[in-house]
Amino acid sequence: MPDSPVLYVLNGPNLNLLGVREPEIYGRETLADVQARCERAAGDATVVFRQTNHEGELIDWVQEARGKADALVLNPAGYGHTSVALLDALKALSIPVVECHLSNPAARERFRHRSYVSAIAAGVVSGFGPVSYELAVQPALGLAQERSRSADRSV
Ligand code: CA2
(Lines give C-alpha, C1' and ligand atoms only; values in the text may rest on other atoms or scores of the structure.)
Protein backbone atom coordinates (compact mmCIF):
# COMPACT_ATOMS: atom_id res chain seq x y z
CA MET A 1 0.00 0.00 0.00
CA PRO A 2 1.37 3.49 -0.79
CA ASP A 3 2.05 5.89 2.09
CA SER A 4 -1.33 7.53 1.66
CA PRO A 5 -4.08 4.90 1.31
CA VAL A 6 -7.03 5.56 -0.95
CA LEU A 7 -10.53 5.17 0.47
CA TYR A 8 -13.54 5.11 -1.83
CA VAL A 9 -16.81 6.23 -0.20
CA LEU A 10 -19.66 5.43 -2.58
CA ASN A 11 -23.28 6.44 -2.13
CA GLY A 12 -26.33 5.08 -3.88
CA PRO A 13 -29.59 6.58 -5.09
CA ASN A 14 -31.39 9.53 -3.52
CA LEU A 15 -28.64 10.30 -1.03
CA ASN A 16 -28.15 13.57 -2.95
CA LEU A 17 -31.41 14.61 -1.22
CA LEU A 18 -29.83 14.46 2.21
CA GLY A 19 -30.62 17.51 4.29
CA VAL A 20 -33.27 18.56 1.79
CA ARG A 21 -36.05 15.96 2.28
CA GLU A 22 -37.20 13.66 5.13
CA PRO A 23 -35.02 15.25 7.86
CA GLU A 24 -36.97 13.27 10.48
CA ILE A 25 -35.39 10.06 9.14
CA TYR A 26 -32.09 11.16 7.63
CA GLY A 27 -31.27 14.36 9.54
CA ARG A 28 -30.42 17.87 8.38
CA GLU A 29 -26.84 17.44 7.22
CA THR A 30 -26.17 17.42 3.49
CA LEU A 31 -24.05 14.89 1.63
CA ALA A 32 -21.32 17.56 1.43
CA ASP A 33 -21.34 17.64 5.24
CA VAL A 34 -21.01 13.85 5.29
CA GLN A 35 -18.10 14.07 2.87
CA ALA A 36 -16.34 16.56 5.17
CA ARG A 37 -16.84 14.16 8.11
CA CYS A 38 -15.29 11.29 6.10
CA GLU A 39 -12.33 13.42 5.06
CA ARG A 40 -11.74 14.42 8.67
CA ALA A 41 -12.03 10.83 9.90
CA ALA A 42 -9.69 9.56 7.17
CA GLY A 43 -6.78 11.76 8.26
CA ASP A 44 -3.95 11.43 5.72
CA ALA A 45 -5.81 8.97 3.50
CA THR A 46 -7.14 10.17 0.16
CA VAL A 47 -10.93 10.05 0.08
CA VAL A 48 -12.79 9.59 -3.21
CA PHE A 49 -16.39 10.45 -2.31
CA ARG A 50 -19.18 9.99 -4.87
CA GLN A 51 -22.96 9.60 -5.19
CA THR A 52 -25.04 8.29 -8.05
CA ASN A 53 -28.69 7.57 -8.75
CA HIS A 54 -27.77 4.93 -11.35
CA GLU A 55 -27.12 1.26 -10.62
CA GLY A 56 -24.75 0.80 -13.57
CA GLU A 57 -22.67 3.80 -12.57
CA LEU A 58 -22.37 2.51 -9.01
CA ILE A 59 -21.20 -0.85 -10.40
CA ASP A 60 -18.67 0.92 -12.67
CA TRP A 61 -17.25 2.70 -9.63
CA VAL A 62 -17.03 -0.55 -7.65
CA GLN A 63 -15.10 -2.06 -10.57
CA GLU A 64 -12.88 1.02 -10.73
CA ALA A 65 -12.15 0.67 -6.99
CA ARG A 66 -10.62 -2.75 -7.78
CA GLY A 67 -7.53 -1.11 -9.23
CA LYS A 68 -7.50 2.19 -7.38
CA ALA A 69 -8.74 1.86 -3.81
CA ASP A 70 -7.37 0.23 -0.67
CA ALA A 71 -10.78 0.11 1.03
CA LEU A 72 -14.43 0.91 0.32
CA VAL A 73 -17.16 2.40 2.49
CA LEU A 74 -20.47 1.85 0.74
CA ASN A 75 -23.94 3.18 1.43
CA PRO A 76 -25.79 1.33 -1.32
CA ALA A 77 -29.09 2.98 -0.31
CA GLY A 78 -32.05 1.20 -1.97
CA TYR A 79 -29.78 -0.95 -4.18
CA GLY A 80 -28.50 -2.77 -1.10
CA HIS A 81 -31.93 -4.35 -0.76
CA THR A 82 -32.37 -5.26 -4.42
CA SER A 83 -29.22 -5.49 -6.51
CA VAL A 84 -27.67 -8.87 -7.22
CA ALA A 85 -25.63 -7.07 -9.92
CA LEU A 86 -24.07 -4.82 -7.27
CA LEU A 87 -23.32 -7.89 -5.12
CA ASP A 88 -21.63 -9.58 -8.09
CA ALA A 89 -19.42 -6.52 -8.64
CA LEU A 90 -18.53 -6.42 -4.94
CA LYS A 91 -17.62 -10.11 -4.99
CA ALA A 92 -14.90 -9.33 -7.53
CA LEU A 93 -13.24 -6.91 -5.08
CA SER A 94 -10.44 -8.04 -2.83
CA ILE A 95 -10.28 -4.87 -0.71
CA PRO A 96 -12.23 -4.52 2.57
CA VAL A 97 -15.78 -3.22 2.24
CA VAL A 98 -17.66 -1.61 5.13
CA GLU A 99 -21.40 -1.18 4.59
CA CYS A 100 -22.81 1.99 6.05
CA HIS A 101 -26.32 3.35 6.62
CA LEU A 102 -27.62 6.56 8.15
CA SER A 103 -30.72 4.88 9.53
CA ASN A 104 -31.01 1.40 11.02
CA PRO A 105 -32.70 -0.61 8.25
CA ALA A 106 -33.33 -3.52 10.66
CA ALA A 107 -35.66 -1.26 12.66
CA ARG A 108 -37.61 -0.17 9.57
CA GLU A 109 -39.90 -1.84 7.00
CA ARG A 110 -39.40 -5.55 6.37
CA PHE A 111 -38.13 -5.03 2.81
CA ARG A 112 -35.16 -3.12 4.24
CA HIS A 113 -34.07 -6.03 6.44
CA ARG A 114 -32.35 -7.89 3.60
CA SER A 115 -29.03 -6.50 2.39
CA TYR A 116 -27.16 -8.15 -0.46
CA VAL A 117 -24.11 -6.06 0.45
CA SER A 118 -23.91 -7.51 3.98
CA ALA A 119 -23.05 -10.89 2.45
CA ILE A 120 -19.59 -9.61 1.47
CA ALA A 121 -19.07 -6.73 3.93
CA ALA A 122 -16.35 -6.94 6.57
CA GLY A 123 -18.80 -5.10 8.82
CA VAL A 124 -21.87 -2.89 8.88
CA VAL A 125 -22.42 0.46 10.63
CA SER A 126 -25.99 1.73 10.73
CA GLY A 127 -28.34 3.92 12.68
CA PHE A 128 -26.07 6.78 13.74
CA GLY A 129 -26.89 9.29 11.02
CA PRO A 130 -23.82 10.94 9.47
CA VAL A 131 -21.72 9.57 12.34
CA SER A 132 -22.21 6.08 10.81
CA TYR A 133 -19.84 7.18 8.04
CA GLU A 134 -17.17 8.36 10.49
CA LEU A 135 -17.45 5.07 12.36
CA ALA A 136 -17.09 3.14 9.09
CA VAL A 137 -13.98 4.99 7.86
CA GLN A 138 -11.58 3.93 10.61
CA PRO A 139 -12.13 0.14 10.42
CA ALA A 140 -12.10 0.27 6.60
CA LEU A 141 -8.65 1.92 6.68
CA GLY A 142 -7.49 -0.33 9.53
CA LEU A 143 -8.43 -3.47 7.60
CA ALA A 144 -6.67 -2.12 4.49
CA GLN A 145 -3.53 -1.56 6.51
CA GLU A 146 -3.70 -5.06 8.02
CA ARG A 147 -4.17 -6.52 4.57
CA SER A 148 -1.17 -4.69 3.17
CA ARG A 149 1.01 -5.75 6.15
CA SER A 150 0.13 -9.40 5.66
CA ALA A 151 0.82 -9.06 1.89
CA ASP A 152 4.27 -7.61 2.77
CA ARG A 153 4.96 -10.54 5.08
CA SER A 154 4.14 -13.07 2.38
CA VAL A 155 6.85 -11.83 -0.07
O1 CA2 B 1 -30.20 4.62 6.04
C2 CA2 B 1 -29.60 4.60 4.99
O3 CA2 B 1 -28.50 5.12 4.82
C4 CA2 B 1 -30.26 3.95 3.77
O5 CA2 B 1 -29.23 3.33 3.00
C6 CA2 B 1 -30.91 5.07 3.02
C7 CA2 B 1 -31.70 4.58 1.81
C8 CA2 B 1 -32.68 3.48 2.21
O9 CA2 B 1 -33.30 2.94 1.05
C10 CA2 B 1 -31.99 2.35 2.95
O11 CA2 B 1 -32.97 1.44 3.36
C12 CA2 B 1 -31.26 2.87 4.17
C13 CA2 B 1 -32.49 5.72 1.19
C14 CA2 B 1 -31.65 6.87 0.77
C15 CA2 B 1 -32.57 7.99 0.47
O16 CA2 B 1 -32.02 9.15 1.01
C17 CA2 B 1 -32.83 10.22 1.17
C18 CA2 B 1 -32.31 11.26 1.87
C19 CA2 B 1 -33.05 12.36 2.10
C20 CA2 B 1 -34.33 12.46 1.58
C21 CA2 B 1 -34.85 11.42 0.86
C22 CA2 B 1 -34.11 10.29 0.64
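**View 1. Leucine 135 sits in helix H6, which covers residues 131-153.** Like every view here, this one shows a predicted model. Is leucine 135 buried, exposed or partly exposed? Its relative accessibility is 42%, so leucine 135 counts as partly exposed. Leu135 also belongs to a nonpolar patch on the surface, together with Phe128 and Val131.

**View 2. Five strands line up in an open sheet.** Follow them across in the order E2-E1-E3-E4-E5, and you will find that the pairing is parallel. Strand E2 (46-51) and strand E5 (123-126) stand at the edges; each has a single partner strand, so one side of each has no neighbour in the sheet. On average, neighbouring strands of this sheet are turned by 20° against each other, direction ignored. As a reminder, strands of a sheet pair through backbone hydrogen bonds.

**View 3. Strands E3 and E4 run parallel and are joined by three bridges.** Strand E3 spans residues 71-75, and strand E4 spans residues 97-101. Which residue in E4 is the bridge partner of leucine 74? That partner is glutamate 99.

**View 4. Here we look at cysteine 38 and cysteine 100, both of them buried.** The relative accessible area of cysteine 38 is 0%, and cysteine 100 likewise has 0% relative accessibility. For comparison, a disulfide needs the two sulfur atoms within 2.5 Å. Searching the whole structure turns up zero disulfides.

Key. Residues are numbered from 1 along each chain as its sequence is written. This is a predicted model: local features need pLDDT of at least 70, side-chain atom pairs count only at pLDDT 80 or more; totals for chains, interfaces and linings use all residues. Side-chain values use heavy atoms; hydrogens and water are left out. Patches are made of residues with over 30% relative accessible area and no salt bridge: like charges are joined within 9 Å, nonpolar side chains (Val, Leu, Ile, Met, Phe, Trp, Tyr) within 5 Å. Accessible areas come from the Shrake-Rupley method with a 1.4 Å probe; for residues, only the protein chains shown count as cover. A salt bridge is a side-chain nitrogen of Lys or Arg within 4 Å of a carboxyl oxygen of Asp or Glu. Helices (H or I, at least four residues) and strands (E, at least two) are DSSP runs, numbered from the N terminus. Buried means under 20% relative accessible area, exposed over 50%, partly exposed in between (1.4 Å probe, protein chains only). Two strands pair if DSSP finds at least two bridges between them. Axes are lines fitted to C-alpha atoms, for helices over the stretch in contact, and angles run from 0 to 180 degrees between N-to-C directions.
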